[in-house]
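Welcome! Here is a short briefing to read alongside the structure, taken topic by topic.

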Amino acid sequence: MEKLFSKKFEEMSKEEISDLKQKLIEFESSIIKLWENAEIPYPCHFSGGNEEQLIEIFKEIKPGDWIFSTHRGHYHYLLAGGNPEKLKEIILRGDSMHIFDKNLNFFTSAIVAGICAIATGVALALKKKGSNNKVWCFIGDGVEDEGHFYEAVRYVDGWNLPCIFIIEDNNRSVETPKSERYGTSEISWPRCVRRYHYKAIYPHVGTTKWIDFSKSTGSNEKIGGPSF
Amino acid sequence: MKYQEAIKIEMEKLAQDEKVIFLGYNVLHGSKAYGTLKDIPNEKCIETPVAENLMVGLCIGLSLEGFKPVLFFERHDFITVAMDALINHLDKIESMSRGEFKSPLIIRAPVGATKPLYPGPQHMQDFSGILKKIFHFPVYEVKTVKEIKEAYEKASKFESPVMIIERKDLYPEEFPD
C-alpha cells in the first residue's frame, strides 16, 4: 500500500472521508496493540479524536508544501501521503517522535515549540524563491506557553511569510489544562495562527494500560543523545 | 595581514556562492558585523531581530530549502539563548532524520573584546571548550590568519553545520598570511 488514500481530499465523497477516518483509527489501533504487547519499548504519543478536523485542514495542503509535526505525528504523516508500512517501520525502530520524509517535505521535532523557528525559516526561503508553496506547522496548545513560539509568530506575521501555525488544542500540556498553567489568560494571536479544538482519546503518552517493558529489547537501530 | 581583514576576505569568498546568505544582527546596520561584511551586497544580508533561538531556526529552515546561511552572533555569550535550536535541532537533524535532512550552515560566534572597554561578565565569556564537546559538528577556534583561512575554506565545503569561534580582541592584530 502506497498511502492510505488515492483521491484528493476535496474530491472525496462523505463515505470516502468516513472510510479514511476509519483507516486512520485502524492504523493507530494496530500500533497500540503492538505497544500494549510490549513490542515497542519507546514512548509513543497516540493520535485519536481529531480525525475529521485534520482531514479538513489537509484539504488545503498542496503537493510541495512543508509539514512540520510534533511528538504526536502518526496522523500527520499518514494524511501527508506517508506510506503506512514505512510509518510502522519508523515506529518499530523507536522513531515515533522523529518522523522525517524528504520526499514529502515532512519534518518533526519532539521539543515543544522547537519546530516553530525552523518552519519560519523554510517559509522565509519559500518567499525569497517566489514559491507558491506554504508551510504548515502543527503544534499543541502547550506551545503557546513557550517564548520560542512568540518569536516565530511575530516574524511570520511581520514579514507576511507563507506559514500557518495550527494549534491542536486539547487543553492539555502533558496532562495539565490551561487554567492550571496560565490562569484564565487567553491570547489573541495574529492571522497566521489557527486553532482547532478536540478531545483527546489517549493520555499524553501511551495508553491507560500498565505495560511491563522490562523484557523488551527493541530495535538495533536506536539512536540516543550524548551525556557529559 | 590583519585578523579582521582575513575574515572580511573569507566572507567575500563565501559570498561568491549564490546559495550563501548572511544573517544576524548588525549585518546591515551599525558595525556591519564588525566591518567584515562591509562590502557584501545588501541583498545577500538579512538583518534579524535579537531573538537568538529564532535566528538559528531561520537559518536551519533556509538551509533545508537549499540556502547556505552564514549566521553572525554579535557575541559568544548570546548563543546560550539559542541552545534549543543549536543542541536539540541543528546538531541532531542529520542523525535524527537518519540522513534525510542536512543543515549546512556556518555560525560565527566571536568571543567579545576585553579592550578598549572591559565589558564584564555577560559580554566576554568563552565557551569554546564545552561547545566542542556538546556538538557533533565541527567547532573551530581561529586565533591566526592561517587558521581563519583554513576554517572558512573547510566550512564552505561542508554539508554539516560548522561553528567558527573568532576572537574580537585579535581583530586589529597583524599575522603572517
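**Aromatic rings and their partners**

Trp35(A) is buried, with a relative accessible area of 9%. Please keep in mind that this is a predicted model. The tour begins with aromatic rings, then turns to cysteines, a helix in chain A and a few loops.

*Ring pairs*

- Over all chains, a search of the whole structure turns up 22 aromatic pairs.
- One of them joins Trp35(A) and Phe213(A): the ring centres are 5.1 Å apart and the planes meet at 65 degrees, so this pair is edge-to-face.
- These two partners come from distant parts of the chain, 178 residues apart, with Trp35(A) in helix α1 (residues 14–36) of chain A and Phe213(A) in the segment after β5 (193–197) of chain A.
- While Trp35(A) is buried, Phe213(A) is partly exposed, at a relative accessible area of 25%.
- In chain B, Tyr3(B) and Phe175(B) make a tilted aromatic pair, with 6.0 Å from centre to centre and 45 degrees between the planes.
- Because Tyr3(B) lies in helix α1 (residues 3–15) of chain B and Phe175(B) in the segment after β6 (162–165) of chain B, this pair ties together parts that are 172 residues apart in sequence.
- Both Tyr3(B) and Phe175(B) are buried.
- A cluster linked by ring pairs takes in Trp66(A), Phe68(A), Phe100(A) and Phe107(A) from chain A, along with Phe101(B) from chain B.

*A lysine over two rings*

- Lys168(B) lies over the face of Tyr34(B), 4.1 Å from the ring centre.
- The charged end of Lys168(B) also sits over the ring of Tyr171(B), at 5.5 Å from the centre of that ring.

**Cysteines**

- How many disulfides does a search of the whole structure find? The count over all chains is zero.
- Cys192(A) is in no disulfide, and the nearest cysteine sulfur belongs to Cys163(A), 7.0 Å away.
- Cys192(A) is buried, with a relative accessible area of 10%.
- In chain B, the sulfur of Cys59(B) has its closest cysteine sulfur in Cys45(B), and because the two are 12 Å apart they are too far for a bond.
- Cys59(B) counts as buried, since its relative accessibility is 0%.

**Helix α4 of chain A**

- Which residues of helix α4 (residues 84–92) of chain A are buried? They are Pro84(A), Leu87(A), Ile90(A) and Ile91(A).
- Looking down the axis of α4(A), you would find these buried residues within an arc of 115 degrees, so they line one face of the helix.
- At the N-terminal end, α4(A) is capped by Asn83(A), which has a side-chain oxygen 2.7 Å from the backbone nitrogen of Glu85(A).
- After α4(A) comes Gly94(A), which has a positive phi, near 100 degrees.

**Loops and backbone details**

*A loop in chain B and its contacts*

- Ser160(B) sits in the loop between α6 (145–157) and β6 of chain B.
- Although Ser160(B) and Pro104(B) are 56 residues apart along the chain, their C-alpha atoms are separated by 4.5 Å.
- Neighbours within four places in sequence aside, Ser160(B) is in contact with Ser103(B), Pro104(B), Leu105(B) and Pro138(B).

*Backbone angles worth a look*

- The peptide bond from Lys115(B) to Pro116(B) is cis, with omega near 0 degrees.
- Pro116(B) belongs to the loop between β4 (106–108) and α5 (128–134) of chain B.
- Asn105(A) is not a glycine, yet its phi is positive, near 50 degrees.
- You can find Asn105(A) in the loop between α4 and β2 (106–108) of chain A, and this residue is buried, with a relative accessible area of 16%.
- Asn171(A), another residue other than glycine, has a positive phi near 50 degrees.
- Asn171(A) is in the loop between β4 (163–169) and α7 (178–182) of chain A.
- Is Asn171(A) buried or partly exposed? Asn171(A) is partly exposed, with a relative accessible area of 38%.

Notes. Residues numbered from 1 in each chain as written. Chains lettered and ligands numbered in written order. Predicted model: local features only at pLDDT ≥ 70, side-chain atom pairs only at ≥ 80, totals over all residues. Heavy atoms only, no water. Phe/Tyr/Trp six-rings, centres within 6.5 Å; stacked < 30°, edge-to-face > 60°. Helix = DSSP H or I, 4+ residues; strand = E, 2+ residues; numbered from the N terminus. Buried < 20%, exposed > 50% of the residue type's maximum accessible area, 1.4 Å probe, protein only. Lys NZ or Arg CZ within 6 Å of the ring centre and 35° of its normal. Disulfide = S-S within 2.5 Å. Arc of directions from axis to C-beta. Polar contact = N/O pair within 3.5 Å; in protein donor to acceptor, adjacent residues only side chain to side chain. Contact = heavy atoms within 4.5 Å.
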